[in-house]
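Have a look first, then we'll go question by question.

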Amino acid sequence: MRPTTSYVVTTFLIILICCSSSCLARKHSHHHKTKHAKKPPPPTSRKQVLDVEVFGAKADGKSDNSQAFKKAWDKACNSSESIKILVPKGKVYYVKHVDFTGPCHSGISMEIQGTIKSFAQMYDTPKRLWIKFEDVRNMEIFGGGTIDGSGEVWWKNSCKIKKTKPCQSQSAPTALTFRNCSNLTVSNLRLLNAQQMHVNFQDCNDVEASKLLVEAPEESPNTDGIHVTRTSNIKILESQIRTGDDCVSIVNGSRNVDVRNIACGPGHGISIGSLGEDNTENYVSNIFVKGATFTGTTNGVRIKTWQKSAVQVENVVYRNIGGTSASKVAINLNCSESVPCKNVVLQNVMLTAQQKGEKVEASCTHLAMQTTKLNSLPSCSLNN
(Lines give C-alpha, C1' and ligand atoms only; values in the text may rest on other atoms or scores of the structure.)
Protein backbone atom coordinates (compact mmCIF):
# COMPACT_ATOMS: atom_id res chain seq x y z
CA MET A 1 0.00 0.00 0.00
CA ARG A 2 1.32 3.41 -0.92
CA PRO A 3 1.23 6.78 0.87
CA THR A 4 -1.91 7.18 2.94
CA THR A 5 -3.52 9.73 5.14
CA SER A 6 -5.63 7.34 7.16
CA TYR A 7 -7.07 3.88 6.99
CA VAL A 8 -7.90 0.88 9.12
CA VAL A 9 -6.62 -2.64 8.57
CA THR A 10 -8.93 -5.24 10.00
CA THR A 11 -6.94 -8.18 8.67
CA PHE A 12 -3.58 -8.53 6.93
CA LEU A 13 -2.24 -12.06 6.78
CA ILE A 14 0.88 -13.35 5.14
CA ILE A 15 1.66 -17.01 5.41
CA LEU A 16 5.01 -17.12 3.65
CA ILE A 17 7.61 -14.85 2.16
CA CYS A 18 10.68 -16.51 0.76
CA CYS A 19 13.66 -14.67 -0.68
CA SER A 20 16.74 -16.31 -2.12
CA SER A 21 18.71 -16.85 -5.26
CA SER A 22 17.09 -20.30 -5.46
CA CYS A 23 13.96 -19.97 -3.40
CA LEU A 24 12.16 -23.12 -2.21
CA ALA A 25 8.53 -22.72 -1.20
CA ARG A 26 7.39 -24.12 2.11
CA LYS A 27 3.74 -25.00 2.56
CA HIS A 28 1.79 -23.60 5.51
CA SER A 29 -1.85 -23.71 6.41
CA HIS A 30 -3.95 -20.52 6.52
CA HIS A 31 -4.43 -20.91 10.26
CA HIS A 32 -3.08 -17.77 11.91
CA LYS A 33 -3.17 -18.71 15.58
CA THR A 34 0.23 -18.80 17.24
CA LYS A 35 1.42 -20.80 20.18
CA HIS A 36 2.83 -18.90 23.12
CA ALA A 37 4.29 -19.96 26.40
CA LYS A 38 2.55 -18.76 29.50
CA LYS A 39 3.47 -15.26 30.56
CA PRO A 40 5.60 -14.93 33.66
CA PRO A 41 3.51 -14.35 36.75
CA PRO A 42 2.86 -10.72 37.72
CA PRO A 43 5.11 -9.23 40.38
CA THR A 44 3.92 -9.71 43.92
CA SER A 45 4.73 -8.06 47.21
CA ARG A 46 6.54 -11.24 48.24
CA LYS A 47 9.34 -10.55 45.81
CA GLN A 48 12.46 -8.92 47.13
CA VAL A 49 12.73 -5.42 45.64
CA LEU A 50 16.10 -3.98 44.65
CA ASP A 51 15.99 -0.19 44.33
CA VAL A 52 18.71 0.99 41.93
CA GLU A 53 19.55 3.83 44.32
CA VAL A 54 20.73 1.29 46.89
CA PHE A 55 23.39 0.34 44.35
CA GLY A 56 24.56 3.91 43.85
CA ALA A 57 22.21 5.30 41.19
CA LYS A 58 21.85 9.09 41.38
CA ALA A 59 19.11 11.14 39.74
CA ASP A 60 21.29 14.25 39.67
CA GLY A 61 21.26 14.95 35.93
CA LYS A 62 25.01 14.36 35.49
CA SER A 63 26.01 10.93 36.81
CA ASP A 64 26.36 7.93 34.52
CA ASN A 65 24.33 5.27 36.32
CA SER A 66 25.32 2.35 34.09
CA GLN A 67 27.32 0.56 36.77
CA ALA A 68 24.68 1.05 39.46
CA PHE A 69 22.03 -0.50 37.20
CA LYS A 70 24.41 -3.34 36.33
CA LYS A 71 25.11 -4.10 40.00
CA ALA A 72 21.40 -4.30 40.76
CA TRP A 73 20.92 -6.61 37.78
CA ASP A 74 23.80 -8.90 38.74
CA LYS A 75 22.42 -9.39 42.25
CA ALA A 76 18.93 -10.13 40.94
CA CYS A 77 20.22 -12.42 38.20
CA ASN A 78 22.36 -14.45 40.60
CA SER A 79 19.57 -14.92 43.14
CA SER A 80 17.87 -18.30 43.44
CA GLU A 81 14.59 -16.50 44.15
CA SER A 82 12.66 -14.24 41.80
CA ILE A 83 13.59 -10.58 42.38
CA LYS A 84 12.29 -7.26 41.13
CA ILE A 85 14.52 -4.32 40.20
CA LEU A 86 12.90 -0.93 40.79
CA VAL A 87 13.59 2.34 38.99
CA PRO A 88 11.81 4.84 41.30
CA LYS A 89 9.01 7.10 40.14
CA GLY A 90 9.54 10.81 39.48
CA LYS A 91 13.31 10.56 38.92
CA VAL A 92 15.54 10.64 35.83
CA TYR A 93 18.58 8.37 35.69
CA TYR A 94 21.15 8.95 32.94
CA VAL A 95 23.05 5.98 31.50
CA LYS A 96 25.55 5.81 28.65
CA HIS A 97 25.40 2.07 27.95
CA VAL A 98 24.36 -0.98 29.93
CA ASP A 99 24.18 -4.74 29.30
CA PHE A 100 21.76 -6.87 31.30
CA THR A 101 23.07 -10.37 30.64
CA GLY A 102 21.88 -13.83 31.65
CA PRO A 103 21.21 -16.62 32.00
CA CYS A 104 19.76 -15.92 35.42
CA HIS A 105 19.07 -18.41 38.21
CA SER A 106 15.36 -17.55 38.37
CA GLY A 107 12.70 -15.37 36.82
CA ILE A 108 13.43 -11.66 36.95
CA SER A 109 11.43 -8.45 36.60
CA MET A 110 12.19 -4.77 36.22
CA GLU A 111 9.67 -2.15 37.21
CA ILE A 112 10.50 1.14 35.53
CA GLN A 113 8.45 3.87 37.17
CA GLY A 114 10.86 6.74 36.56
CA THR A 115 12.93 7.61 33.48
CA ILE A 116 16.06 6.02 32.05
CA LYS A 117 17.69 8.57 29.76
CA SER A 118 20.66 8.79 27.44
CA PHE A 119 23.03 11.74 27.57
CA ALA A 120 22.36 14.26 24.80
CA GLN A 121 25.68 13.68 23.08
CA MET A 122 27.29 11.17 20.75
CA TYR A 123 29.45 8.54 22.41
CA ASP A 124 30.71 5.03 21.68
CA THR A 125 28.31 2.16 22.34
CA PRO A 126 29.38 -1.49 21.90
CA LYS A 127 27.87 -2.99 18.76
CA ARG A 128 25.69 0.11 18.33
CA LEU A 129 23.46 -0.84 21.27
CA TRP A 130 22.41 1.43 24.13
CA ILE A 131 20.44 -0.81 26.52
CA LYS A 132 20.62 -4.57 25.94
CA PHE A 133 19.01 -7.61 27.58
CA GLU A 134 20.59 -10.88 26.47
CA ASP A 135 20.22 -14.60 27.24
CA VAL A 136 17.40 -14.15 29.75
CA ARG A 137 14.37 -16.37 30.32
CA ASN A 138 11.14 -15.63 32.21
CA MET A 139 11.49 -11.87 32.39
CA GLU A 140 9.03 -9.01 32.48
CA ILE A 141 9.63 -5.27 32.17
CA PHE A 142 6.81 -2.86 33.03
CA GLY A 143 5.91 0.05 35.26
CA GLY A 144 4.57 3.08 33.41
CA GLY A 145 7.95 4.79 33.17
CA THR A 146 9.99 6.14 30.25
CA ILE A 147 13.06 5.14 28.26
CA ASP A 148 14.38 8.27 26.50
CA GLY A 149 17.13 7.93 23.90
CA SER A 150 17.83 11.68 23.51
CA GLY A 151 18.35 10.97 19.83
CA GLU A 152 18.42 14.51 18.43
CA VAL A 153 22.22 14.77 18.18
CA TRP A 154 22.39 11.38 16.42
CA TRP A 155 19.70 12.36 13.92
CA LYS A 156 21.54 15.57 13.00
CA ASN A 157 24.62 13.51 12.14
CA SER A 158 22.76 10.89 10.12
CA CYS A 159 23.67 10.50 6.46
CA LYS A 160 19.98 10.96 5.71
CA ILE A 161 20.22 14.47 7.13
CA LYS A 162 23.84 15.24 6.18
CA LYS A 163 23.78 13.98 2.59
CA THR A 164 27.58 14.13 2.19
CA LYS A 165 28.20 11.96 5.26
CA PRO A 166 29.00 8.24 4.75
CA CYS A 167 26.14 6.12 6.05
CA GLN A 168 28.45 3.68 7.86
CA SER A 169 30.09 6.47 9.83
CA GLN A 170 28.91 7.15 13.39
CA SER A 171 25.94 4.81 13.06
CA ALA A 172 23.41 5.47 15.79
CA PRO A 173 22.69 2.79 18.41
CA THR A 174 19.41 0.95 18.89
CA ALA A 175 17.80 2.14 22.10
CA LEU A 176 16.45 -1.10 23.60
CA THR A 177 17.54 -4.55 22.42
CA PHE A 178 16.36 -7.99 23.52
CA ARG A 179 18.64 -10.73 22.19
CA ASN A 180 18.13 -14.45 22.68
CA CYS A 181 15.42 -13.95 25.31
CA SER A 182 12.40 -16.21 25.86
CA ASN A 183 9.14 -16.04 27.77
CA LEU A 184 9.45 -12.28 27.77
CA THR A 185 6.83 -9.63 28.58
CA VAL A 186 7.36 -5.90 27.92
CA SER A 187 4.39 -3.70 28.79
CA ASN A 188 3.15 -0.28 29.87
CA LEU A 189 6.22 1.76 28.97
CA ARG A 190 6.89 4.96 27.07
CA LEU A 191 9.81 4.96 24.64
CA LEU A 192 10.97 8.33 23.31
CA ASN A 193 13.40 9.70 20.76
CA ALA A 194 15.55 6.65 20.13
CA GLN A 195 18.92 7.26 18.58
CA GLN A 196 17.87 4.80 15.87
CA MET A 197 15.43 1.91 16.39
CA HIS A 198 13.38 2.07 19.58
CA VAL A 199 12.93 -1.65 20.38
CA ASN A 200 14.59 -4.62 18.71
CA PHE A 201 13.58 -8.23 19.41
CA GLN A 202 16.35 -10.41 17.98
CA ASP A 203 16.56 -14.21 18.18
CA CYS A 204 13.80 -14.26 20.80
CA ASN A 205 10.93 -16.66 21.41
CA ASP A 206 7.56 -16.34 23.18
CA VAL A 207 7.30 -12.58 23.52
CA GLU A 208 4.43 -10.24 24.37
CA ALA A 209 4.87 -6.49 23.89
CA SER A 210 1.78 -4.52 24.88
CA LYS A 211 0.53 -1.10 25.90
CA LEU A 212 3.65 0.65 24.60
CA LEU A 213 3.76 4.31 23.61
CA VAL A 214 6.60 4.90 21.13
CA GLU A 215 7.26 8.45 19.97
CA ALA A 216 9.81 10.31 17.88
CA PRO A 217 9.49 13.23 15.42
CA GLU A 218 8.26 12.43 11.94
CA GLU A 219 11.51 13.69 10.42
CA SER A 220 13.77 11.58 12.67
CA PRO A 221 15.72 9.05 10.51
CA ASN A 222 15.62 5.27 11.02
CA THR A 223 13.60 5.48 14.24
CA ASP A 224 11.59 2.28 13.75
CA GLY A 225 9.17 1.64 16.57
CA ILE A 226 9.39 -2.14 17.04
CA HIS A 227 11.82 -4.24 14.98
CA VAL A 228 11.51 -8.04 14.86
CA THR A 229 14.29 -10.23 13.47
CA ARG A 230 14.76 -14.01 13.72
CA THR A 231 12.08 -14.05 16.41
CA SER A 232 9.16 -16.46 16.73
CA ASN A 233 5.86 -16.46 18.61
CA ILE A 234 5.63 -12.74 19.32
CA LYS A 235 2.54 -10.66 20.03
CA ILE A 236 2.53 -6.87 19.62
CA LEU A 237 -0.67 -5.56 21.17
CA GLU A 238 -2.58 -2.36 22.00
CA SER A 239 0.24 0.09 21.36
CA GLN A 240 0.66 3.56 19.84
CA ILE A 241 3.66 4.10 17.60
CA ARG A 242 4.48 7.53 16.15
CA THR A 243 7.97 7.71 14.65
CA GLY A 244 10.02 8.70 11.61
CA ASP A 245 10.27 5.18 10.15
CA ASP A 246 8.40 1.87 10.27
CA CYS A 247 5.94 1.48 13.12
CA VAL A 248 6.66 -2.24 13.08
CA SER A 249 9.33 -3.86 10.89
CA ILE A 250 9.54 -7.63 10.53
CA VAL A 251 12.59 -9.13 8.86
CA ASN A 252 14.48 -12.34 8.15
CA GLY A 253 13.81 -15.45 10.19
CA SER A 254 10.68 -14.20 11.93
CA ARG A 255 7.59 -16.38 12.18
CA ASN A 256 4.29 -16.39 14.05
CA VAL A 257 4.10 -12.63 14.49
CA ASP A 258 0.71 -11.39 15.73
CA VAL A 259 0.11 -7.62 15.59
CA ARG A 260 -3.24 -6.41 16.93
CA ASN A 261 -4.93 -3.15 17.80
CA ILE A 262 -2.10 -0.71 17.23
CA ALA A 263 -2.29 2.94 16.19
CA CYS A 264 0.43 3.87 13.71
CA GLY A 265 1.45 7.26 12.39
CA PRO A 266 3.30 9.28 11.49
CA GLY A 267 5.83 6.85 10.10
CA HIS A 268 6.23 4.40 7.25
CA GLY A 269 3.57 1.92 8.34
CA ILE A 270 4.04 -1.79 8.99
CA SER A 271 6.76 -3.38 6.87
CA ILE A 272 7.82 -6.94 6.19
CA GLY A 273 11.41 -6.69 4.99
CA SER A 274 13.53 -5.53 3.38
CA LEU A 275 14.32 -9.12 2.37
CA GLY A 276 16.92 -10.62 0.07
CA GLU A 277 19.66 -8.01 0.39
CA ASP A 278 23.07 -8.99 -1.07
CA ASN A 279 21.67 -12.18 -2.60
CA THR A 280 20.87 -13.67 0.81
CA GLU A 281 18.20 -16.25 1.53
CA ASN A 282 15.46 -15.01 3.86
CA TYR A 283 12.28 -16.58 5.22
CA VAL A 284 9.39 -14.86 6.97
CA SER A 285 6.13 -16.69 7.66
CA ASN A 286 2.81 -16.53 9.53
CA ILE A 287 2.48 -12.79 9.95
CA PHE A 288 -0.96 -11.60 11.11
CA VAL A 289 -2.09 -7.97 11.49
CA LYS A 290 -5.56 -7.09 12.75
CA GLY A 291 -7.21 -3.93 14.02
CA ALA A 292 -4.43 -1.54 12.99
CA THR A 293 -5.14 2.15 12.32
CA PHE A 294 -2.79 4.22 10.15
CA THR A 295 -2.87 8.01 10.16
CA GLY A 296 -0.48 10.14 8.12
CA THR A 297 1.79 7.24 7.19
CA THR A 298 3.72 7.01 3.93
CA ASN A 299 2.62 3.37 3.56
CA GLY A 300 0.16 1.04 5.18
CA VAL A 301 1.09 -2.65 5.21
CA ARG A 302 3.86 -3.49 2.78
CA ILE A 303 6.31 -6.21 1.78
CA LYS A 304 9.78 -4.97 0.79
CA THR A 305 12.32 -7.00 -1.18
CA TRP A 306 15.72 -6.31 -2.71
CA GLN A 307 16.66 -8.82 -5.43
CA LYS A 308 13.66 -8.50 -7.72
CA SER A 309 14.72 -11.28 -10.07
CA ALA A 310 14.74 -13.97 -7.36
CA VAL A 311 12.08 -13.22 -4.78
CA GLN A 312 9.02 -15.36 -4.20
CA VAL A 313 6.06 -13.80 -2.41
CA GLU A 314 3.07 -16.07 -1.86
CA ASN A 315 -0.03 -16.69 0.25
CA VAL A 316 -0.81 -13.09 1.17
CA VAL A 317 -4.26 -11.86 2.23
CA TYR A 318 -5.31 -8.20 2.45
CA ARG A 319 -8.79 -8.23 3.99
CA ASN A 320 -11.18 -5.57 5.34
CA ILE A 321 -9.02 -2.51 4.71
CA GLY A 322 -10.65 0.88 4.31
CA GLY A 323 -9.61 4.53 4.30
CA THR A 324 -8.09 7.30 2.21
CA SER A 325 -4.91 7.62 0.17
CA ALA A 326 -2.86 10.80 -0.23
CA SER A 327 -1.27 9.44 -3.43
CA LYS A 328 -2.86 8.54 -6.74
CA VAL A 329 -1.57 4.95 -6.57
CA ALA A 330 -3.30 3.53 -3.51
CA ILE A 331 -2.43 -0.12 -4.14
CA ASN A 332 0.95 -1.09 -5.56
CA LEU A 333 1.69 -4.78 -6.18
CA ASN A 334 5.02 -4.80 -8.02
CA CYS A 335 6.23 -8.39 -8.19
CA SER A 336 9.18 -10.14 -9.80
CA GLU A 337 8.91 -10.94 -13.50
CA SER A 338 10.80 -14.23 -13.11
CA VAL A 339 8.92 -15.38 -9.97
CA PRO A 340 5.50 -13.66 -9.93
CA CYS A 341 3.56 -13.27 -6.70
CA LYS A 342 1.36 -16.30 -5.98
CA ASN A 343 -1.99 -16.53 -4.27
CA VAL A 344 -2.44 -12.89 -3.32
CA VAL A 345 -5.98 -12.15 -2.13
CA LEU A 346 -7.55 -8.69 -1.87
CA GLN A 347 -10.91 -8.97 -0.12
CA ASN A 348 -13.02 -5.97 0.84
CA VAL A 349 -10.16 -3.50 0.32
CA MET A 350 -11.81 -0.12 -0.28
CA LEU A 351 -9.59 2.96 -0.62
CA THR A 352 -10.58 6.42 -1.82
CA ALA A 353 -8.72 9.66 -2.53
CA GLN A 354 -7.95 12.02 0.30
CA GLN A 355 -9.01 15.00 -1.80
CA LYS A 356 -12.69 15.07 -2.62
CA GLY A 357 -13.43 14.58 -6.31
CA GLU A 358 -10.12 12.86 -7.10
CA LYS A 359 -9.66 9.20 -7.94
CA VAL A 360 -7.09 6.63 -6.88
CA GLU A 361 -5.77 3.68 -8.84
CA ALA A 362 -3.98 0.37 -8.40
CA SER A 363 -0.71 -0.64 -10.03
CA CYS A 364 -0.24 -4.40 -10.37
CA THR A 365 2.55 -6.20 -12.23
CA HIS A 366 3.61 -9.83 -12.47
CA LEU A 367 0.83 -11.45 -10.47
CA ALA A 368 0.25 -15.18 -10.94
CA MET A 369 -3.20 -16.38 -11.98
CA GLN A 370 -3.99 -17.55 -8.46
CA THR A 371 -4.33 -13.93 -7.41
CA THR A 372 -7.92 -12.91 -6.65
CA LYS A 373 -9.76 -9.75 -5.72
CA LEU A 374 -13.16 -9.71 -4.06
CA ASN A 375 -15.21 -6.55 -3.60
CA SER A 376 -12.12 -4.33 -3.71
CA LEU A 377 -11.46 -0.87 -5.16
CA PRO A 378 -9.34 0.40 -6.77
CA SER A 379 -8.55 -2.68 -8.84
CA CYS A 380 -6.35 -3.57 -11.76
CA SER A 381 -5.98 -6.34 -14.27
CA LEU A 382 -4.52 -9.56 -12.90
CA ASN A 383 -3.01 -10.50 -16.24
CA ASN A 384 -0.12 -7.99 -16.23
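Q: Which residues does Phe69 touch, not counting residues up to four places away in sequence?
A: Phe69 touches Val52, Ala57, Val87, Tyr93, Val95, Val98, Phe100 and Ile116. Contact here means heavy atoms within 4.5 Å. Keep in mind that this is a predicted model, where local features need pLDDT of at least 70, side-chain atom pairs count only at pLDDT 80 or more, and totals for chains, interfaces and linings use all residues. Residues are numbered from 1 along each chain as its sequence is written, and side-chain values use heavy atoms, leaving out hydrogens and water.

Q: What makes a set of residues a nonpolar core?
A: The members are buried Ala, Val, Leu, Ile, Met, Phe, Trp, Tyr and Cys residues, joined through side-chain atoms within 4.5 Å. The largest one here has 89 residues, and Phe69, Trp73, Phe133, Met139, Phe178 and Phe201 touch the most other members. Helix α1 (residues 66-77) gives the most to this core, with six residues. Helices are DSSP runs (H or I, at least four residues), as are strands (E, at least two), numbered from the N terminus.

Q: Why is the pairing of Asp74 with Lys70 called a salt bridge?
A: The rule asks for a side-chain nitrogen of Lys or Arg within 4 Å of a carboxyl oxygen of Asp or Glu. The closest N and O atoms of Asp74 and Lys70 are 2.9 Å apart, so the pair passes. Both sit in helix α1, four residues apart, about one turn of the helix.

Q: How do you know whether Asp74 is buried, partly exposed or exposed?
A: Buried means under 20% relative accessible area, exposed over 50%, and partly exposed in between (1.4 Å probe, protein chains only). Asp74 comes in at 29%, so it counts as partly exposed.

Q: What do the side chains of Lys84 and Glu111 form?
A: They meet in a salt bridge, 2.8 Å from N to O. Lys84 lies in strand β3 (residues 83-87) and Glu111 in strand β6 (residues 108-112), so the pair ties together parts 27 residues apart in sequence. Lys84 is at 12% relative accessibility, so it counts as buried. Glu111, at 13%, also counts as buried.
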